[in-house]
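I opened this notebook to record what I looked up in one structure.

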2 protein chains.
Amino acid sequence: MTANKPIIVLVRPQLGQNIGKAARAMLNFGLTEMRLVAPRDGWPNPEAGPAASGADIVLEQAQLFDNVHDAIADCRQIFASTVRRRDLVMPVIGPEEMADRIGASGERSAILFGAERSGLETEEVARASAIVTVPINPEFASVNLAQAVILLAYEWSRRTGLAQPTAKELEPPASHRELEGLINQLNDELEKKGYFHPPSRTQATKNTLRTIFTRTGWSSREVKAIRGVIRALVDPARKR
Amino acid sequence: MTANKPIIVLVRPQLGQNIGKAARAMLNFGLTEMRLVAPRDGWPNPEAGPAASGADIVLEQAQLFDNVHDAIADCRQIFASTVRRRDLVMPVIGPEEMADRIGASGERSAILFGAERSGLETEEVARASAIVTVPINPEFASVNLAQAVILLAYEWSRRTGLAQPTAKELEPPASHRELEGLINQLNDELEKKGYFHPPSRTQATKNTLRTIFTRTGWSSREVKAIRGVIRALVDPARKR
């Protein structure tokens with residue numbers, strides 16, 4: 001079952017106390033792998049330990065990263081814990097479906113949580129396969145970080161006992177790194193062709209392309225094939 | 001649905017902060033009725049408000065009682081949130097069954113939560129119809145008050161019928177004809193670039209590309225975007 005435990009990624013967390021509480025919430029449901037992206041007050045943070053109330057092992061093993069890209073490079077299923085984004089067209093699922101998907105895949109999964117106030121940036125959300133949203137009182141939707149973590153950890157734990165691994169006829173999806181390679185290659189080539197214009201729309205267009213490719217579920221082999229296709233399309237000389 | 005909302009009873013809560021956080025957790029899932037039994041630092045408590053992050057209505061309406069007996073006098077179904085008690089022979093249920101029972105009964109229900117460290121006393125637990133226990137990591141079972149509240153409030157809300165978002169709200173996939181247009185365009189362009197070689201492998205390669213694009217589930221809008229990308233990639237002149 002170990003392989004199916006999601007990694008909890010805290011992106012730019014502000015308070016050490018909240019990191020500690022998130023660690024405690026994780027360990028309550030048997031999750032141990034925490035990754036921290038650019039915590040505001042550096043790492044380690046002396047305020048995290050006391051707030052973890054004994055979940056020190058999670059903090060001791062926490063890994064530090066500069067950006068989301070590096071933090072999820074080895075993951076194949078990424079969920080962004082956030083509300084629906086008007087600027088992104090991507091699947092929005094509930095905690096149960098997230099837990100089912102994590103349980104069914106057998107691949108490394110990660111759940112991204114944004115900073116306490118500002119949340120995740122659009123480009124970060126666009127790296128995920130799906131947005132996961134807890135169905136919450138629409139008139140009072142302010143959830144703190146550790147509580148968002150415990151709800152998703154609970155749901156994962158609850159569903160994990162029941163999850164039936166589905167027949168895996170398909171190849172597993174490519175890793176985030178592989179997909180990133182494809183997206184970067186495409187962006188570079190499109191840049192050279194002057195595709196991104198006007199400049200004010202560039203980031204939005206890139207986000208759209210990212211979500212289009214992220215949700216394909218393409219395997220490593222398929223990503224390689226498409227990279228070959230892009231090379232062929234831009235190669236002016238290649239006539240046989 | 002209102003009649004089925006459980007009352008949250010905090011018994012001898014110590015920190016005003018925790019009372020505020022519990023209020024916030026309640027309101028996140030639409031619960032508004034809080035009762036306080038002999039809070040250590042009296043009531044109102046100036047530390048509760050800031051911790052409630054806007055759930056002031058729950059605190060303002062909170063009712064104060066001297067003992068558990070009075071606090072649950074008008075309730076017909078009582079649940080005690082605690083671990084199993086060796087000294088009591090009574091039903092122990094999980095959050096789901098609790099939620100089912102609350103939903104099914106139509107009677108006033110209450111959930112008792114004990115003090116931060118000491119929990120509920122045996123006589124208090126004995127007043128409940130059942131113990132409700134969140135299935136938690138047995139090696140790390142220390143949950144804080146507000147987190148216990150949010151997990152049970154979430155479960156209540158989940159069973160009560162707050163719809164979970166589903167992926168259905170996404171754009172529908174493009175029609176076969178649209179996808180075919182994309183695949184044909186790509187094949188034509190790749191043909192011009194001499195991508196299909198040797199001839200004996202051409203059909204197999206085309207089949208592979210077809211399956212890669214067919215299973216993306218791209219919408220009409222996304223198919224159009226990718227067709228634009230292909231045009232940009234093959235256009236030698238398009239520099240801006």
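Conventions. I noted that this is a predicted model, in which local features need pLDDT of at least 70, side-chain atom pairs count only at pLDDT 80 or more, and totals for chains, interfaces and linings use all residues. Residues are numbered from 1 along each chain, chains are lettered from A and ligands numbered from 1 in written order, and side-chain values use heavy atoms, without hydrogens and water.

Entry 1. I searched for cavities (sets of points on a 1 Å grid over the protein atoms alone where a 1.4 Å probe fits but cannot get out). I found two of 30 Å³ or more, a volume being the space filled by probe spheres set on the points, which are joined across faces, edges and corners.

Entry 2. The largest cavity has about 110 Å³. Its lining (residues with an atom within 4 Å of a point) has 14 residues, and Phe213(A), Ile226(A), Phe213(B), Ile226(B) and Ile230(B) are the closest to the centre.

Entry 3. The second largest cavity holds about 60 Å³. I listed its lining as Lys21, Asn144, Ala146 and Gln147 of chain A, and Lys21, Asn144, Ala146 and Gln147 of chain B.

Entry 4. I then traced an open sheet of seven strands (DSSP E runs of at least two residues) in chain B, ordered E3-E2-E1-E6-E4-E7-E5 with parallel pairing; strands pair if DSSP finds at least two bridges between them. Its edge strands are E3 (63-65) and E5 (92-93) of chain B.

Entry 5. Four bridges join E1 (residues 7-11) to E2 (residues 34-37) in chain B. I noted that Val9(B) has Arg35(B) in E2(B) as its bridge partner.

Methods: On a 1 Å grid over the protein atoms alone, a cavity is a set of points where a 1.4 Å probe fits but cannot get out, and a pocket is an open set with protein on both sides within 12 Å along at least five of seven lines; lining residues have an atom within 4 Å of a point.
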